[in-house]
Amino acid sequence: MTRLISRAPVRRLTRLALLLGGLLAVGSAAAAAADAPEALIKQGEYVATAGDCVACHSAAGGKPFAGGLAIDTPLGTIFSSNITPSKSHGIGDYSYAQFERAVRGGVRADGAHLYPAMPYTAYAGISDEDMHALYAYFMQGVAPVDQAAPATALPFPFNIRLSMAAWNLLFLDTRPYTPDAAASAEVNRGAYLAETLTHCSTCHTPRNALMAEEKGSNLAGSSLGTWFAPNITSDAQSGIGAWQVDELAHYLKTGFAPGKAQAAGPMAEAIDHSLSHLSDADRHAIAVWLKQTPPVHEAQDSRAAHQWGEAAANVDQLRGAARPANPDALSGPQLYDAYCASCHQPDGRGTPDGGLPSLMHNTALGRNNSDNLVMAILRGVQREPAAQAVNMPAFAPLLSDTQVATLSNYLLTQFGNPQPQVSPERVTALRAGGAPSPLLAVARYGMAAGGIVVLLLLLWGWRRRQR
Ligand code: HEC
Ligand code: HEC
Ligand code: HEC
């Protein structure tokens, strides 16, 4: 099922040669899709929605696809491009071949390499049919916006976009998605959507020191700096093995799985912008595929994240108890009573219809990583009005780091998995947008190491050719 990643250097070198050849040939590419039929443009819109292009290519309050969203990476801030068909500031002059090369190969029309903040490693597997539809949509279904997106200026050596060529050589699998003959048509459809367009692994797969996805731990969970994208492999304790297919499909549609989880942060965005707009058949296919991914088990997980917790009995008793003068000395139950119990109910069970969710049997409190609990408290949960209007206020302005830590630890002990305790320092870091990343140093060092590896490979290839 998983596409095998070949690291055969010779093939990579051949590809590099082809790539360089392609560079020269780009100008002559046919300008297709001059008059694409309506149906093709519609299909392209569906593909763009599944790919969630709008999420990254629109700034807050900005026009769709006009770019300018600031994406914080360990290497610095990367701005997304204007991909409207504007001739002056967008991709209006892109031929089909140039567009295809940008989306599947990470190379701009001018030959410069894109940073992998653009998920071309996932999009590399998009089918030709979907690529043509996507192009027709962007050329004819999207309104041009003549407005420049801010330029990206990363520190040395990452400002040298050519360094991405070395990275691609190591980590970009340019083969289109190939169906697995042994699997059902539905599993293949789910795999195609999940591994290419909806790019689940971009968030859910851990990355190595070179910021590339670790294929051996596909979907095993990864920190996005602040929010944590959990293990969603088929493992029954560490992943989603204990979920039913229909529960998964319903979660992908609504962000809600009663008695298990609700989506906040980046997952809520992926659902609101993209996954909720897919057909029921496509969501079902993704769920069926997800249930048969190779399990990745973490030793400390003794039960599934939604299987923790008991209702609280002691909150009511605290009402009327003396409050300390120092707000940072308030106890967990006192903080819960003051800020949370009105919605999640004094016993933590939420409302019977689940509109206000239970904090027991809730994955946000049952994982061995508690960052999402802290993030939910700091940022709240704001869903698109188009979806269910379920909102939780952000408590960052109201609660100190110490209070958030006290409250979280009470909640984890009372309603969830007591193992991952929260320190005030962790809350400070998450409030500030993630720890000032030691990854920068690692990535720089790693990138240099990557460059050396590539040099050695080139030398090796060159010597082979000499023989
Ligand atoms: C996770 C964020 C993200 C998503 C999702 C995303 N992009 Fe991008 N894209 C970027 C960023 C960031 C850049 C600019 C990267 C750089 O400057 O190196 C970019 C650049 C591009 C470019 C190059 C344009 C140029 O000339 O600079 C094209 C074309 C493009 N994206 C198309 C798409 C399409 C089509 C989709 C949906 C199928 C998509 N992108 C989805 C982040 C994203
Ligand atoms: C932009 C990043 C991102 C993308 C893309 C993404 N996810 Fe998620 N996902 C997350 C985060 C973060 C959470 C945790 C949300 C929370 O706890 O509120 C999550 C949670 C989940 C959960 C709930 C797991 C649990 O234990 O609660 C499932 C299931 C899931 N994602 C499946 C998927 C699938 C399938 C895809 C691709 C179709 C996908 N995700 C794409 C970031 C992402
Ligand atoms: C105004 C009502 C309201 C208040 C007050 C409130 N919540 Fe929530 N909370 C919600 C709703 C609604 C959701 C579910 C959102 C959804 O379905 O996506 C939620 C979801 C959550 C989640 C799950 C988030 C995730 O990532 O899965 C946690 C944890 C949580 N609340 C904790 C708290 C804590 C702790 C407090 C007190 C500091 C609190 N809530 C106060 C309404 C509220």
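**Around ligand 1**

Student: Which of the residues around ligand 1 come nearest?

Tutor: Ligand 1 has 23 residues around it, and C53, C56, H57, Y94 and M118 come nearest; a residue is near a molecule if one of its heavy atoms lies within 4 Å of it. This is a predicted model, in which local features need pLDDT of at least 70 and side-chain atom pairs count only at pLDDT 80 or more, while totals for chains, interfaces and linings use all residues. Residues are numbered from 1 along each chain as its sequence is written, chains are lettered from A and ligands numbered from 1 in the order in which they are written, and side-chain values use heavy atoms, with hydrogens and water left out.

Student: What makes the pair formed by Y94 and ligand 1 a polar contact?

Tutor: A polar contact is a pair of N or O atoms within 3.5 Å (within protein, one must be able to donate a hydrogen and the other to accept it, and residues adjacent in sequence count only if both atoms are side-chain atoms). A polar side-chain atom of Y94 lies 2.5 Å from an oxygen atom of ligand 1, so the pair counts. The side chain of S81 also places a polar atom 2.8 Å from an oxygen atom of this ligand, and a polar backbone atom of Y115 is 2.8 Å from one.

Student: How do the residues of the shell around ligand 1 divide?

Tutor: They are 16 nonpolar, four polar and three charged, where Ala, Val, Leu, Ile, Met, Phe, Trp, Tyr, Cys and Pro count as nonpolar, Asp, Glu, Lys and Arg as charged, and the others, Gly among them, as polar. At least two residues each are supplied by α3 (53-56), β2 (76-79) and α4 (96-105); helices are DSSP runs of H or I with at least four residues, strands are runs of E with at least two, and they are numbered from the N terminus.

**The iron atom of ligand 2**

Student: Which protein atoms are donors of the iron atom of ligand 2?

Tutor: The protein donors are H204 (NE2) and M267 (SD), which lie 2.1 to 2.2 Å from the iron atom. Donors are N, O and S atoms within 2.8 Å of the metal (3.2 Å for Na, K and Ca), and sites may look incomplete because water is not among the atoms.

Student: Why is the arrangement around the iron atom of ligand 2 called octahedral?

Tutor: Six donors count as octahedral if opposite donors are over 155 degrees apart and all others between 65 and 115 (four count as square planar on the same terms, or as tetrahedral if all angles lie between 85 and 135 degrees, and anything else is irregular). The six donor atoms here subtend angles of 86 to 180 degrees, which makes the arrangement octahedral. H204 lies in helix α9 (residues 200-204) and M267 in helix α11 (residues 265-273), so the pair ties together parts that are 63 residues apart in sequence.

Student: How do you know whether H204 is buried or exposed?

Tutor: Buried means under 20% relative accessible area, exposed means over 50%, and partly exposed lies in between (1.4 Å probe, protein chains only). H204 has a relative accessible area of 10%, so it is buried, whereas M267, at 22%, counts as partly exposed.

Student: What makes the site of the iron atom of ligand 3 octahedral?

Tutor: Its six donor atoms have angles of 86 to 179 degrees among them, and the site is octahedral. The protein donors are H344 (NE2) and M392 (SD), 2.0 to 2.1 Å from the iron atom. This pair links distant parts of the chain, with H344 in helix α15 and M392 in strand β8, 48 residues apart. H344 counts as buried at 12% relative accessibility, and M392, with 21%, is partly exposed.

Student: Where does the side chain of Q262 stand in relation to ligand 3?

Tutor: An N or O atom of that side chain is 2.7 Å from an oxygen atom of ligand 3. The shell around this ligand divides into 20 nonpolar, four polar and one charged residue, and α16 gives the largest share, three residues.
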